[in-house]
Amino acid sequence: MAKDLAKIAAERGIKYFMISYTDLFGSQRAKLVPASAIAGMQKNGAGFAGFATWLDLSPADPDMFALPDPDTLIQLPWKPEVGWLASDIWMDGKPVEQGPRNVLKRVVSAAADAGFEMKSGVECEFFLTNADGTAIADSADTASKPCYDAAALMRRYDVITEICDAMLALGWEAYQNDHEDANGQFEMNWSYDKALVTADRHVFFKFMAKSIAEKHGLRATFMPKPFLGLTGSGCHAHVSLWKGKTNLFEDSKGELGVAKLGYHFIGGVISHADALCALLNPSVNSYKRINAPRTTSGATWAPNTVTYSGNNRTHMVRIPEPGRFEMRLADGAANPYLLQAGILAAGMDGIAHKTNPGKRLDINMYTDGHLVKDAKRLPLNMLDALRAFEGSTILKAALGASFVASYTKMKHAEWNDYAAYLSDWERHATLDC
Ligand SMILES: [Mg+2]
């Protein structure tokens, strides 16, 4: 018997439940449901008009239901009378194929059938800006190398510790917080877990950081490149693959302590990298972070090429220590579910085909990248990434053809919307043609 949410509400003083789901563009949608109505909602779900959110549904479609997962219950640390729940979306008695949480669950279940469980941790970078998002909030935060700046970190003590205290209370094993490489940029870390748990927490973390920042008169943004010239916000994922309590990537005899299986997984990630960009770098703005020129701090910390290395942050994949690798491609705009689903699907394909990741490169890719003649480049824009994604029969099969069709349809519409925008640059460059 699943947890009885009505009973839990009475025990813990929960007055309202926030039944939430994440749409294809990563937006979190929710209904506030009084505790008196939660028993029915737990059984049947909360009704939504799916067309009203980014899901590629039509106004003629029947009601969509968000069925809450009671295991995800979190009392909002800044408003404990509200219980937050992640949900799976259903329609006509079936899971909606393109629902991002449904997509991840499908990929996780296929991996489980093959005997694998992916665990991952995400490193969410974000900026604290003024309320309208036009400038960083701290006018004294102007150092040209601001990473780990102690004073700038302490000037945001109230916000950062409120978020960190919340994570500690929730049992996420939060373990460090820092000022990152751009002025106004921060990162907060909590422990890794199963892919679905991490994705749910990632969704909640973004919601929490934004909510708590707002309480303090600020704005938290995960936009990949909000300020040109400053380092963008990545969302690095640390990945390992398990069978029960055994980390299958760990092998003391393997190169850098990583087993052959791990290299096959990395091979899959590398071979599908251009297509994966559609999920891991899903916004027009994402491509100003990857492939970016040098920033004022001296490096972008984002990859330009599809390469891997040991403990070297200038490549797309870094192996920092035995037993795991870090995928440095994703950015703050990535949908938490699709980020995990994409990496796992690509890695599983690498394992199935024993994909060779190619040669490890131990060079500084930012300064010596031009010496590597055959390094595959990342897509230069969202349109190229979408086309690569649409052309990937393997990812289509793993993630679901109808999900890929819905996702790319909505993203093409977004691209067309962007392309129709007449920019100042365009006028400036073309007026006197
Ligand atoms: Mg970082």
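**Domains and helix packing in a predicted model**

Modeller: In this predicted model, the protein is divided into domain 1, residues 11-93, and domain 2, residues 106-424.

Biologist: How many residues does the contact take from domain 1 and from domain 2?

Modeller: Domain 1 gives 12 residues and domain 2 gives 17 residues to the contact. On the side of domain 1 that touches domain 2, the residues divide into 7 nonpolar, 4 polar and 1 charged. The C-alpha centres of domain 1 and domain 2 lie 26 Å apart.

Biologist: What makes the protein as compact as a globular protein of its length?

Modeller: The protein has 14 helices and 17 strands. Its radius of gyration is 22 Å, and the globule rule gives 22 Å for 433 residues; the value is close to the rule, so the protein is as compact as a globular protein of that length. Along its principal axes, the C-alpha trace spans about 65 × 50 × 50 Å.

Biologist: Why are α3 and α6 called roughly antiparallel to each other?

Modeller: The axes of helix α3 (residues 100-113) and helix α6 (residues 195-215) cross at roughly 160 degrees. Angles over 145 degrees count as roughly antiparallel, and α3 and α6 are therefore placed in that class. Their axes come within 10 Å, and α3 passes α6 in a right-handed crossing.

Biologist: Which residues make the contact of α3 with α6?

Modeller: Leu 104, Lys 105 and Val 108 of α3 meet Ala 195, Leu 196 and Ala 199 of α6.

Biologist: How do you know that this contact has no polar residues?

Modeller: Leu, Val and Ala count as nonpolar, and Lys counts as charged. The contact of α3 with α6 accordingly divides into 5 nonpolar, no polar and 1 charged.

Biologist: What makes α6 roughly antiparallel to α9?

Modeller: Helix α9 comprises residues 336-352, and α6 packs with α9 at an angle of about 150 degrees. The cut-off is again that the angle be over 145 degrees, which makes α6 roughly antiparallel to α9. The axes of α6 and α9 are 8 Å apart, and α6 passes α9 in a right-handed crossing.

Biologist: Which residues make the contact of α6 with α9, and how do they divide?

Modeller: From α6 come Ala 195, Thr 198, Ala 199, His 202 and Val 203, and from α9 come Pro 336, Tyr 337, Gln 340 and Leu 344.

Methods. Residues numbered from 1 in each chain as written. Predicted model: local features only at pLDDT ≥ 70, side-chain atom pairs only at ≥ 80, totals over all residues. Domains from an automatic or database assignment. Contact = placed C-beta atoms within 7 Å. Axes fitted to C-alpha atoms, helices over the stretch in contact; angles between N-to-C directions. Helix = DSSP H or I, 4+ residues; strand = E, 2+ residues; numbered from the N terminus. Parallel < 35°, antiparallel > 145°, perpendicular 65-115°, else oblique. Left-handed = near helix turned anticlockwise from the far one by under 90°. Rg over C-alpha atoms; globule rule 2.2 N^0.38 Å.
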